[in-house]
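Me: I would be grateful for a close look at one part of this model, namely the place where the two chains meet. Please give a connected account that I can follow with the structure open.

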Amino acid sequence: MRTLFYPRLAWDGIRKNKRMVFPYVLTCICMISMFYTVAYLASPHTTELLPRGRGTTETFMALGCFVMAIFSLIFLFYTNSFLIRRRAAEFGLYNVLGMGKRNLAKIITHESMITSGFSIFFGIAIGIVFSKISEIGLISMLGGTITYTVRVDLFSMVSTVIVFTGIFGIIWISSVIRVGRSTAVSLMKSDKAGEKPPKANWFLGLFGAVILGGAYYIACTLKNPISAIMWFFVAVVMVIVATYLLLIAGSVVLCRILQKNKSYYYKANHFVSVSSMVYRMKRNGAGLASIAIISTMVLVILSSTTCLWFGTQRMITSLYPGDVNFMINFRDSDQLADENINFIKEYIDEINREENVDASVALDIRYLNMFGNADGDTIDFEMSSMDEYSSDIIRSVCVVSLDNYNEQTGSSLSLSDDEAIIFASDCNFNYDTITLKCGDVSDSFRIVKPDTKTFTGADFMKDIVPLIILVVPDFTGVAGDFAECVDADDYSIMDMRWVYSVDIATDGIVSSEYGYAVTEKLRDALEDNFSWMYFLDREEGESEYLSLNGSFLFLGIMLSIIFALAAVLIIYYKQISEGYEDCKRFGVMRKVGMTGKDIKRSINSQLLVVFFIPLVFAGVHLIFAFPIISKLLVLFGLYDATPFMITTIVSFALFALFYTAVYKVTSNVYYNIVSDAK
Amino acid sequence: MSLLEVKNLKKVYKTRFGGQEVEALKDVNFTVESGEYVAIMGESGSGKTTLLNILAALDKATAGKVILQNMDLSGISDKAVATFRRDNLGFVFQEFNLLDTFTLEDNIYLPLVLAGNSYKTMKGKLDPIADKLGITSLLKKYPYEVSGGQKQRAAVARALITDPKIILADEPTGALDSKSSDELLKLFGEVNEMGQTILMVTHSAKAASCAGRVLFIKDGEVYHQIYRGDTTNELFYQKITETLTVLTRGGNIA
């Protein structure tokens, strides 16, 4: 019997405080199931389903898990610290009745064991359901066969258990220390006393601002998202920490300012709400920070995945200008000369005639592609090491002949020998001249404004490295000048590429078979004069991109729903726990003459003060995340930032609506709780 | 014209499942004149608290009337009742009912803030009251930082600040030690001398002995009342205890 004493006491404590403990456990379950689902989606078993982008998705999801673990730690730690405060009176009573700190620690230990065991068990159970639903959705998106056997990913499960046991462990230790350090009297009083502002509040706020500034700086200056993917996640974690620090410190400052402003504070609709905000200023800040972070997550995921989905068609037309697209890389720049190209084209025409295929030219571009380091208006193609490819100043330079440009775009520009047109959409190149340099060789051009903003049809030239397209009159001259020097260098290469896209008008021709047949024949005909050659089939690419982006969209929506649920839960938790706390207070206020209308007005006033803060934070985070995410989207083949901007704005608007609705509904819950007070 | 008139007041509670009816107040009649200090005594279960709740418009009577300065309480709509309380009544509770979220100062301001007063007017009203109650130095403290007696004084200040027609006190000394009780009762006496009408429900003979008149309630009716007249507190106290003894024995009063 004796051995069961503490578990029973712990269980009683939980049962008696179920109104406090239940929302907390619910939050834990939600966090755990979220974590498990994301871990499951990150596991190779799931990513195997994706046709492409497997590695990137895996890395992202895995790092996402890490971010979520940090977020869960901060969020649950705070939630629990308020719970412990509420329970402190009970512990104080036990203390007075003769229980030592050791015994109290035992009760806390048993309680933690019960709540965390319960949370982990049900969290994983719900996570399994979520992950199965995601898997089914993903498979149906990719057109695979759906199985209804539930698979439990052992690795995800074990990591979930380990991570959350760790989190609950930290929470448990902090509770034991907290109770151990205080006297019986301070324990008994602690649920009555208002929150004290954190020590060195200004410092915390400042520290938060500095961290946030650092994170924003990283986000804005990262040039190459692949090499810097770790930095990206460092920035994410910094943003999370900074949001908490800033909002907690900020809400303390805000409360003080509001309270000091006597003509604002002593108004019927502000009086009660401001004072209760002061009473729990830290908790308020922590709650708002959690909401802000989750909102940011939802917005980032939703806007980027929907953008990928809506950009799919665009992506396809820019990557596949024609039904069949031949890409040939020559060994020698001479081979890009008109005679040679026309010869090959005629050869292809001949094949077309033989096979009875009616093909029209969609695109025909010849260009040189070199990588070099930018220094002012000079691009130096000499590379000292492979590492330079990941530096910030690396540029991809594509040189196109003026004739080829005029022919493709239908313009009729003319340039003198020392003039060039430049397209540099993803890097600022605001100079009057451009100098290409490699060793002793250098060519300078005066820049002439192009007649259009973008070089249509040249989208496939894009790379994750900033691109400069240079249209010059003497194409072979440039090629000849640099070929030797660039090839002599161990680390740099010059690609001499020809892109030839055709649309097929004849029915019954399978484009992939046609492409295959033509490349085979070309291989034979060109013998050893090319370094590589392949063709891209639009039909194939289309289905691949549709299913890939479709599955990203699905994953995005799934994750958004999970995160949005978490946000709902946090808001609900806030309203419920505050409702029960305020219940008695509103009872007193009614006796003193507060009307139901006054209560409603005071709730609305609080709503107006705190409601927009998380949205504002999420908005600002989003603005700073924008450059880095649009760079990441390039990895997935989306080169234009405009659709992303649109989906971001739309997602933000929709989320704001959703958030408003949730807040309204849950504030009714709050109202019902407090107005029941007698 | 009396300040407060209670006529044939009746309150019947139904048990939760509609079965039994419990008569908390049978037929209560009394009046309170302006400036009076009245104590209502009775055993627990005699209907004291029910009576006070009805007087405070926190509860509705089954039958009968409560008239405060020509105003019938039963005629006030639910909407206006909170405002009515705020404007006309001051409350002092056994458990103080101060809010943890407010400093003592803000607790005292609460009814005025709800009534829409400006900070300047409130401050003007508070200063003399706080001075009188000796809590000026405590105003910036929170309820959990001060003693029970100090809390109750703040609660009295909150009741006084609206300049109410009548103060309703529900066992105001119930949660206080004897020294704080004495101080509070002294305070009530002084406030009453300044012309404030007080109606106090208590089961403490000592508290009642400070009042000008004591009403005894038994079985839902005013059973007896005695006036202090010119007697001292001690003598009045004796009279009260004698009456209580008779009351509990159930005999007739001579």
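**The interface of chain B and chain A**

Reply: Within chain B, the element with the lowest mean pLDDT is helix H2 (residues 78-88) of chain B, at 80, whereas strand S8 (residues 197-202) of chain B has the highest, at 91. These values belong to a predicted model. For chain B as a whole the mean pLDDT is 85, and 96% of its residues reach 70 or more. The model as a whole has an ipTM of 0.77 and a pTM of 0.75.

The interface itself may be taken next. On each side 25 residues take part: 25 of chain B are in contact with 25 of chain A. Together the two chains bury about 2,300 Å², and carbon and sulfur atoms account for 68% of that area. Three residues, B:Thr101, B:Leu114 and B:Tyr144, provide 27% of what chain B buries against chain A, which is more than any other three residues supply.

On the chain B side, the elements giving two or more residues are H2, helix H3 (104-115) and helix H4 (119-133) of chain B. Of these, H3(B) gives the largest share, 7 residues. By class, the side of chain B that touches chain A holds 14 nonpolar, 4 polar and 7 charged residues.

A second interface, inside chain A, may be read alongside. The contact between domain 1 and domain 2 of chain A takes 42 residues from each. These two domains of chain A bury about 4,000 Å² between them, with 85% of it on carbon and sulfur atoms. Across that interface there are 0 salt bridges, and 0 residue pairs in polar contact with both at pLDDT 80 or more. The largest share of the domain 1 side in chain A, 18 residues, comes from H4(A). The residues of that side comprise 28 nonpolar, 9 polar and 5 charged.

Terms used. Residues are numbered from 1 along each chain as its sequence is written. Chains are lettered from A and ligands numbered from 1 in the order in which they are written. This is a predicted model: local features need pLDDT of at least 70, side-chain atom pairs count only at pLDDT 80 or more; totals for chains, interfaces and linings use all residues. Side-chain values use heavy atoms; hydrogens and water are left out. Contact means heavy atoms within 4.5 Å. Buried area is the accessible area (1.4 Å probe) that two parts lose on being put together, summed over both. A salt bridge is a side-chain nitrogen of Lys or Arg within 4 Å of a carboxyl oxygen of Asp or Glu. A polar contact is a pair of N or O atoms within 3.5 Å; within protein, one must be able to donate a hydrogen and the other to accept it, and residues adjacent in sequence count only if both atoms are side-chain atoms. Helices (H or I, at least four residues) and strands (E, at least two) are DSSP runs, numbered from the N terminus. Ala, Val, Leu, Ile, Met, Phe, Trp, Tyr, Cys and Pro count as nonpolar, Asp, Glu, Lys and Arg as charged, and the others, Gly among them, as polar. pLDDT is the predictor's confidence in each residue, from 0 to 100.
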